[in-house]
Amino acid sequence: MKIVILDEYLVCRGNLDFEALRQFGEVVSYPTTARGEAAERIGDAEAVFLNRVVIDREVLSRCPNLHFIGITATGYNMIDLEAAGEFGVTVCNVPAYSTEAVAQLTFALLLEIACGVSALSAHVHAGNWRSPLDPFVAEHRSFELCGKTMGIVGMGDIGYRVAQLANAFGMDVLGYRRHPDRSLERENLHFCDLDDLLERSDVVSVHCPLTSETRGLIGERELARMKDGAVLLNTSRGPVLNEAAVAAALDSGKLYAAGLDVLSSEPPKEDNPLARHPRCVVTPHVAWTPRETRARLIGVCVENLRCFLEGRPQNVVNQKA
């Protein structure tokens, strides 16, 4: 069979590869693919792998041999699943591969906000720490996590791992999901509705997928319900937040700070209100990128195609027509 990889560099980054796919046939790989190039590059291929390239109805209509789309990620909002089903294309993602890495970066963002390590380190590196009475050090703001409450919006695998880390730091956890798993509850972890979570949490961390229901989930109304001086974290998808509303909450002091690994458009446009906000810690969508994490991702991608070819597809996110 012919297999096309549309944006290999995002996953491989020069230190990994998709060589294992060659056991199934010819592999044609592109480092990156612009949106208008997808259909031509897929051509007569039967399988395609992609990370962020949009595959819509128009692309699918131009690729009649395509039967399998392998997403080299967990999120699948870039694929028109309804159209894929109508064209008889199976779409498979890779769930849970990045749980540890995303939870780790979530706390890296929170600890940077709580401790301000980068600013203190820059101060020392610049040769400015010259006195035990240094006013920059004396006036530096920090706070303890122990005793605070973290609200987790989206208590799937990643959200639950973040909850465990929060508990280890001495934080209480409130979780929100559409179908709560009460078996996960314990003394310092409880489920509640979203409004209750927002009102009671010192830190709100977002870990839900981007869907039509979650787009703009945290907006002006939700921010108004949060505690004054709360911290907002997002390592899910940028459009889950109403970025203009978040910027306004930062400007007013309603939010103490925000920590983000994702934005509504990536890389951000010049007018993005959060990318350069002084009270916002932003990383360039890197939570999933440790080498171990990406190697795990590639392994599952290969198995997804193998299982599909053997007639027992796994990790399917759409229903074929």
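Student: Where does T72 sit?
Tutor: This is a predicted model, and in it T72 lies in the loop between β4 (68-71) and α4 (81-86).

Student: Is T72 buried or exposed?
Tutor: Buried, because its relative accessibility is 2%, and the cut-off for buried is under 20%.

Student: What does T72 touch?
Tutor: Leaving out residues up to four places away in sequence, T72 contacts V11, F18, F49, L50, N51, L297 and C301.

Student: New topic: which residues of α8 are buried?
Tutor: Those are G159, V162, A163, A166 and N167. They cover an arc of only 140° around the axis, so they lie on the same side of α8.

Student: Why would residues spaced like that share a side?
Tutor: An α-helix has 3.6 residues a turn, so residues three or four places apart point the same way.

Student: And what's on the other side of α8?
Tutor: D157 and A168 are exposed there.

Student: What covers the buried residues of α8?
Tutor: The cover includes α5 (99-115), β6 (149-153), β7 (172-176) and β8 (189-191).

Student: OK, on to β9. Which strands pair with it?
Tutor: β6 runs parallel to β9, with four bridges joining them; M150 has V203 as its bridge partner. Four bridges also join β9 to β10 (residues 230-234), again parallel, and S205 stands opposite L233 there.

Student: How are the faces of β9 covered?
Tutor: Both are covered: V203 and S205 are buried on one side, V204 and V206 on the other.

Student: And what unit do β9 and β10 make with α10?
Tutor: With helix α10 (residues 220-225), they form a right-handed β-α-β unit.

How values were computed:
Residues numbered from 1 in each chain as written. Predicted model: local features only at pLDDT ≥ 70, side-chain atom pairs only at ≥ 80, totals over all residues. Heavy atoms only, no water. Buried < 20%, exposed > 50% of the residue type's maximum accessible area, 1.4 Å probe, protein only. Helix = DSSP H or I, 4+ residues; strand = E, 2+ residues; numbered from the N terminus. Arc of directions from axis to C-beta. Contact = heavy atoms within 4.5 Å. Pairing = 2+ DSSP bridges. Right-handed = clockwise from strand over helix to strand, strands pointing away.
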